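Here's a quick briefing to read with the model open beside you.

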Amino acid sequence: MICIEVCVGSSCFLRGSSKVIAEFQRLIAEYRVNASVHLKGCFCLDHCTQGVSVKIDDTVYRETYPGDVQRLFEEHVLSRFEVTGAGSTEG
Ligand code: FES
């Protein structure tokens, strides 16, 4: 199980954490990995000054904006699955 946590603390919320969460939700549905990826909100990750903080398992990615989510998802989530065909994965 891969755990994605998106900070919903006040600073990150103002910088668009709800849009970041929506984008992760869209990608999880599109790639049908909801059984293997757990998405949840979390409180402050101590990197409040820019962008939205996202934690994937034990690593925090700072300065995340909605436009960055696809790249983050591909590099740090989808890369851990064996791709079996267009739009579907197994892991
Ligand atoms: S409010 Fe998100 S890292 Fe502090």
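E23 has a relative accessibility of 19%, so it counts as buried, given that the cut-off is under 20%. Keep in mind that this is a predicted model.

**E23 and its surroundings**

- You'll find E23 in helix α2, which covers residues 17-30.
- Leaving out residues up to four places away in sequence, E23 touches P66, V69 and Q70.

- F73 sits in helix α3, made up of residues 69-76.
- F73 comes out at 0% relative accessibility, so this one counts as buried too.
- How far apart are F73 and E23 in sequence and in space? They're 50 residues apart along the chain, and their C-alpha atoms are 9.7 Å apart.
- With residues up to four places away in sequence again set aside, F73 touches I4, F24, L27, I28, Y31, V33 and L78.

- Strand β3 (residues 52-56) and strand β4 (residues 59-64) run antiparallel, and four bridges join them.
- Which residue in β4 stands opposite V52? That's T64.
- The hairpin has two residues between its strands, and D57 takes a positive phi near 50° there.
- As a general point, side chains in a regular strand alternate between the two faces of the sheet.

Terms used:
Residues are numbered from 1 along each chain as its sequence is written. This is a predicted model: local features need pLDDT of at least 70, side-chain atom pairs count only at pLDDT 80 or more; totals for chains, interfaces and linings use all residues. Side-chain values use heavy atoms; hydrogens and water are left out. Buried means under 20% relative accessible area, exposed over 50%, partly exposed in between (1.4 Å probe, protein chains only). Contact means heavy atoms within 4.5 Å. Two strands pair if DSSP finds at least two bridges between them.
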